[in-house]
Amino acid sequence: MNKGIFITIEGGEGAGKTTLIEQLAHTMQQRGKTVITTREPGGIPIAEQIRSIILDRTHTGMDARTEALLYAAARRQHLVEKVMPALEGGQLVICDRFVDSSLAYQGHARGLGMEEVWSINRFAVDGAMPQLTIYMDIDPEVGLARIKSAGEREVNRLDLESLAFHQLVREGYHRLREQFPERIVQVDAGKAANVVLEEVILTIDRRFKGFFASDVK
Ligand code: TYD
């Protein structure tokens, strides 16, 4: 059985996942926890290579099922090489995106169907699901504008999708939250970063009293 904790952070483009993850990891490290932060697709060399194929802006002809299978393949390798060993070692793993991204983007927004996309992902994750998922909810118009104005990162193939696509992604996440209310906790990503961080820390402390027993007064 895993001794660690597996938390995933989800959300549309420009929700502020990267900032939250950095601050969250810092807080937990200050409490003396060993924290691993990682991301999907990627996190290890094989998966980073798959990532560059998926997100290449010139790959406009990529079939939706091919895309879903590549995400699932990257996920599998990343889980086996990085996430599972860290969990077995009792660490806190914070992962930027996981299976819910595939369900929202490929399943709902691309129209492949959440059930179908779950079936290939069930095979890929083989039971290794996060104990907690933080979903950072943001209006796609606001999120996409944030990315453009901040010049935060390079615009990738998925960013180039229409606003309607990103609205469907959000709708997909809302469905998932309704379907898995225990695992998925929604935060309003329109709020200031420090407020979001506080809310997330509160959620984690409540959820994992045992793990953080020494920190909670
Ligand atoms: P990334 O640059 O990591 O974007 P972000 O900072 O928004 O996470 O690019 C990852 C892109 O891949 C992002 O547009 C979401 C998409 N994605 C999927 O469509 N399905 C998936 O399963 C995953 C993990 C990501």
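Predicted model: local features only at pLDDT ≥ 70, side-chain atom pairs only at ≥ 80, totals over all residues.
Student: Does Phe6 count as buried or exposed?

Tutor: Buried means under 20% relative accessible area, exposed over 50%, and partly exposed in between (1.4 Å probe, protein chains only). Phe6 has 1% relative accessibility, so Phe6 counts as buried. Phe98, also at 1%, counts as buried.

Student: How many aromatic pairs does the structure hold?

Tutor: Rings of Phe, Tyr and Trp (its six-membered ring) pair if their centres lie within 6.5 Å; planes under 30 degrees apart count as stacked, over 60 as edge-to-face, and the rest as tilted. The structure holds four such pairs. In one of them, the ring centres of Phe6 and Phe98 are 5.1 Å apart and the planes meet at 75°, so this pair is edge-to-face. Phe6 lies in strand E1 and Phe98 in the loop between strand E3 (92-96) and H4, so the pair links parts of the chain 92 residues apart.

Student: Which arrangement do Tyr135 and Tyr173 form?

Tutor: Their pair is stacked, with 4.7 Å centre to centre and 25° between the planes. Tyr135 sits in strand E4 and Tyr173 in helix H7, 38 residues apart. Both Tyr135 and Tyr173 are buried. Ring pairs also join Tyr105, Tyr135, Phe165 and Tyr173 into a cluster.

Student: How many residues of helix H4 are buried?

Tutor: Helices (H or I, at least four residues) and strands (E, at least two) are DSSP runs, numbered from the N terminus. In H4 (residues 99-109), 11 of 11 residues are buried. Among them are Asp100, Tyr105 and His108.

Student: What covers the buried residues of H4?

Tutor: Contact means heavy atoms within 4.5 Å. The cover includes strand E1 (5-11), helix H3 (64-88), helix H5 (114-125), strand E4 (132-137), helix H7 (163-179) and strand E5 (184-188). Gly111 follows H4, with a positive phi near 85°.

Student: How does the radius of gyration of the protein compare with a compact globule?

Tutor: The radius is taken over C-alpha atoms; the globule rule is 2.2 Å times the number of residues to the power 0.38. For 217 residues the rule gives a value near 17 Å, and the protein has 17 Å, which agrees. Of those 217 residues, 49% count as buried. The secondary structure comes to eight helices and five strands.

Notes. Residues numbered from 1 in each chain as written. Heavy atoms only, no water.
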